[in-house]
Amino acid sequence: MRKWGLAIALAASVSTTACVQTKQYADLQFTPPQGDYKLLVLRPDVTVGSLTTGGMVEPRADWTDQARASIVAALRAQQASRGGQVTIVEHRNEVAGVTAQELADVERLNAAVDDSIVVHKYLGDYLPTKRGKGLDWTLGQDAVHLGQKSGYDYALFLHAEDEVASGGRIALGVLGLAGCFVGFCAPNVGGQQQLDYASLVDLKTGEVVWFNVVLAGSQVPGIKFGDLRTPQGATQMVERLLGRMKPGQAIRRGREVR
Amino acid sequence: MCMRCVELTRRSLLVGGAAAAASLHAGVAEARILPKEMVPLIGPGFKPVDRDEQGLWKEMERAEEEIAGSNLLIQDPQLTGYLKNIIGTVGGPAAQDFRIYLARIPDFNAMMFPSGFAVVFSGLLLRMRNEAQLAGVIAHESGHFLRRHMIRSWRDQRRKTDLFAIGSMLAGIGGAGAGVYLGDYVQLAELGTLLSLFQYSREMEAEADAMGARLVAEAGYTPIEMSNIWQQLIGEEAASAHYRRKNRHKGGLFDTHPSSDARMADLRADAAEVTVPGRTYNDYRDRYLSTIAEIRPTLLDDQVKLNDPGASQYLIETLAQDGWNGLLRFYEGEVWRLRNRPGDDVRAEQSYSAAVVYPDAPADAWRWHGISLMKRGRIAEAKAAFARYLTMKPDAPDAAWVRQMAG
Amino acid sequence: MKADKTIAFLALPLALAGCGSSLGGSEYGFSPYALVRVQRVSVGDGNMTVVAPRPYNRHRRILFADVSDVEDWTQNGPILDGISFVSGMKNNRELIRQRRSASQQVPRFRSDMTAPEIAAMLESLYRVKGGAVDLKTLSLKPRPFLAANGFQWDYEHLDQDELWRRGRAVGAVIDGKLYMILFDAARSHYYDALLPDFEAIVASAERRG
């Protein structure tokens with residue numbers, strides 16, 4: 001349910017054809033982590049609900065659990081293939097050497113920074129001073145201290161939200177589309193949608209080095225995209241969100257020159 | 001002060017979303033529900049068995065973790081322990097299962113979440129005149145849980161939205177717009193949408209009132225105090241509206257903020273019914289006042305600085321029914337100063353002058369007394385007031401400015 | 001509750017565009033922010049000029065929705081930081097447009113306001129419009145501004161997104177009009193990082209006319 005407003009804003013922009021979109025930004029100097037690195041994944045926020053015919057999202061404890069387990073497994077597998085050691089914490093008091101309070105402060109600042117990135121990079125409120133600079137936001141010393149105290153190199157903030165169409169919903173799909181003709185498209189008329197985003201913070205510098213949003217949605221109920229409850233769906237999501245992590249522009253240019 | 005931006009980004013879902021969920025401001029039934037008919041539908045240690053309710057509890061577990069870790073909570077152990085004791089007294093069979101949190105939000109509100117934890121807003125503590133009133137609100141919230149209102153309203157809503165899908169989509173969008181602020185991702189945020197689903201029906205509100213009346217009386221609290229809460233709320237709303245030259249909003253058939261008048265009347269009848277002749281009841285006013293004494297200046301400050309002069313003045317006068325003091329006179333002056341209409345400077349000045357006569361006048365009363373004297377050109381008196389302020393609060397953050405004034 | 005506009009609604013027109021552009025295709029399209037270059041620029045309604053030490057983003061004014069003598073700048077977006085200018089606000093004006101019928105009102109400016117009254121006016125702005133649940137004055141002291149006897153108010157506030165923000169306002173009432181520059185940023189990192197910019201801007205401020 002978190003970031004509901006964001007889901008509305010982003011989902012409203014999905015056209016009537018099925019589509020999956022991702023758009024990532026990276027710090028100009030960013031190189032995706034490789035080899036021996038320690039990654040801290042903070043309280044992955046995963047919710048899976050069933051979309052009832054009326055368009056309400058009914059939280060499903062069993063599905064959310066399945067999805068969380070699948071995503072965590074997919075994430076471990078994917079990062080391990082890059083050589084990273086991953087720790088996934090579910091609660092604020094689970095990071096050794098860091099108090100729940102300190103972690104909470106990093107999370108709060110991160111939420112404000114993530115919001116700023118979404119608003120100013122994805123939703124059109126572009127900041128002229130940041131044009132052509134890739135990703136240019138930081139969590140500052142709070143994140144550096146987190147790294148020093150915990151011994152991690154990177155922190156990953158992950159949010160995944162998925163709604164699965166329930167039986168009755170599909171039948172009403174046509175009516176849902178009709179909503180678009182009266183001047184707006186309801187955010188959850190789609191049979192299913194998925195909104196995920198991830199931000200990677202370099203705990204040596206505090207910089208947000210990489211950010212990605214994946215929005216998968218269909219205005220036509222019944223067409224399915226990766227169902228987060230299944231290992232395949234979760235792997236697909238993790239792959240979409242994190243798999244094709246691109247280096248920053250400066251690094252890419254350097255490579256081309258070479 | 002990016003005015004627009006501040007508005008866009010920083011309002012909270014707890015406030016916005018919860019208002020929809022809330023408990024206190026909704027519902028009235030046509031026919032009164034009798035307290036004696038209100039039996040708890042659950043026993044101690046209740047755990048959900050149905051799939052949908054389990055899903056709800058799972059979400060609420062996470063929600064509670066976020067709320068418990070929020071820095072908007074007032075953590076003072078004396079206050080939180082006090083609230084815990086009250087819900088342990090009026091919580092019926094679930095008394096020992098409830099958790100209760102105090103959030104620093106200057107609104108008249110309290111809410112019960114589906115898994116049995118309650119959040120009380122600090123604005124409630126400002127408005128209650130005794131422990132019986134506070135217990136009445138908490139008992140009402142307990143009533144929602146004991147009567148299983150969350151899951152009932154959820155199922156009801158589900159049934160209805162299936163019938164009126166398009167209509168509810170429209171409503172859903174409107175609701176999301178009002179309650180959910182993009183860019184404002186409080187950790188509590190995810191509650192917004194969920195909470196908006198628990199708009200209790202009028203019947204449920206009436207049930208919670210009747211259940212609450214019964215719990216309060218059984219615990220020995222003066223039953224009529226629950227009705228007095230509504231009298232105070234009606235008075236406050238009317239006063240606030242009067243200042244804006246509007247009529248107080250009255251509840252209609254399709255109103256989601258229905259009439260407090262009807263609830264007050266029903267609660268009055270409830271009180272008569274649940275009173276056992278010969279038994280003594282107590283409102284525990286002294287215990288209440290001494291418990292909140294330390295936080296009261298903060299509560300008043302949070303309210304008055306919202307600059308809702310009608311409501312603030314009404315509240316201060318209500319509290320002053322138990323006796324004027326320096327604190328209340330000072331905040332009366334603050335209400336006028338912030339309202340700042342022609343003549344308000346004189347009213348404020350009079351309040352500050354009155355405040356500093358009381359031995360409990362806060363240091364700030366002396367400072368503002370000094371400023372208003374200075375503006376009148378009564379320089380010598382102003383300097384004396386500033387000197388008094390600096391004696392009372394030598395480390396005042398504005399000492400440098402005041403010293404310059406005191407010359 | 002105050003029903004605030006959401007950016008979600010501002011983004012709705014995008015709905016007509018296809019997949020391609022909806023996640024923000026170009027950084028060069030129309031933006032509500034305009035570039036402020038490193039040169040002397042006038043702010044608000046033109047009665048004050050400043051020089052920024054580096055480029056800034058100025059929020060374009062929305063006709064009828066904004067107050068003409070208030071202007072907002074930011075470096076990383078207003079959720080994280082902002083600098084606002086009040087360029088000679090006259091008696092009985094207000095810092096923000098608000099509905100007369102709203103129960104909570106940000107007080108109007110009065111020409112005879114002292115520094116504590118201006119600070120209190122700003123405090124109500126944060127509480128009423130920003131939803132601050134706590135606001136503490138860290139210091140209030142005299143400080144010359146625009147060659148007049150002014151003040152400096154330092155404060156911090158806890159907002160409903162659970163983030164502490166810190167601010168500094170430097171201002172003066174000259175000929176009954178309020179001139180002020182105000183800086184407000186996340187207390188963690190952003191305040192310290194941008195305070196030198198703010199101080200440079202304050203030092204550069206000049207009054208016109």
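Trainee: In this predicted model, what makes B:Tyr314 one of the buried residues of H15(B)?

Mentor: A residue is called buried if 20 or more other C-beta atoms lie within 10 Å of its own, and B:Tyr314 is listed as buried, along with others of H15(B) including B:Pro309, B:Ala311, B:Leu315 and B:Leu319. What covers the buried residues of this helix includes helix H5 (122-127), helix H11 (225-243), helix H14 (296-304) and helix H16 (326-339) of chain B.

Trainee: Which residues have the most contacts inside the largest nonpolar core?

Mentor: They are A:Ala155, B:Ala118, B:Ile138 and B:Val216, in a core of 195 residues. Helix H3 (residues 100-122) of chain A gives the most to this core, with ten residues.

Trainee: How do you know that B:Ala118 is in contact with B:Ile138?

Mentor: Two residues are in contact if their C-beta atoms lie within 7 Å, and B:Ile138 is listed among the contacts of B:Ala118 that leave aside neighbours within four places in sequence, as are B:Phe98, B:Met111 and B:Glu141.

Trainee: What makes up the secondary structure of chain B, and what of chain C?

Mentor: Chain B has 20 helices and three strands, whereas chain C has four helices and eleven strands. Buried residues make up 55% of the 407 residues in chain B, and 50% of the 209 residues in chain C.

Definitions and conventions
Residues numbered from 1 in each chain as written. Chains lettered and ligands numbered in written order. Predicted model: local features only at pLDDT ≥ 70, side-chain atom pairs only at ≥ 80, totals over all residues. Buried ≥ 20, exposed ≤ 12 C-beta atoms within 10 Å, placed from the backbone. Helix = DSSP H or I, 4+ residues; strand = E, 2+ residues; numbered from the N terminus. Core = buried A, V, L, I, M, F, W, Y, C linked by C-beta atoms within 7 Å.
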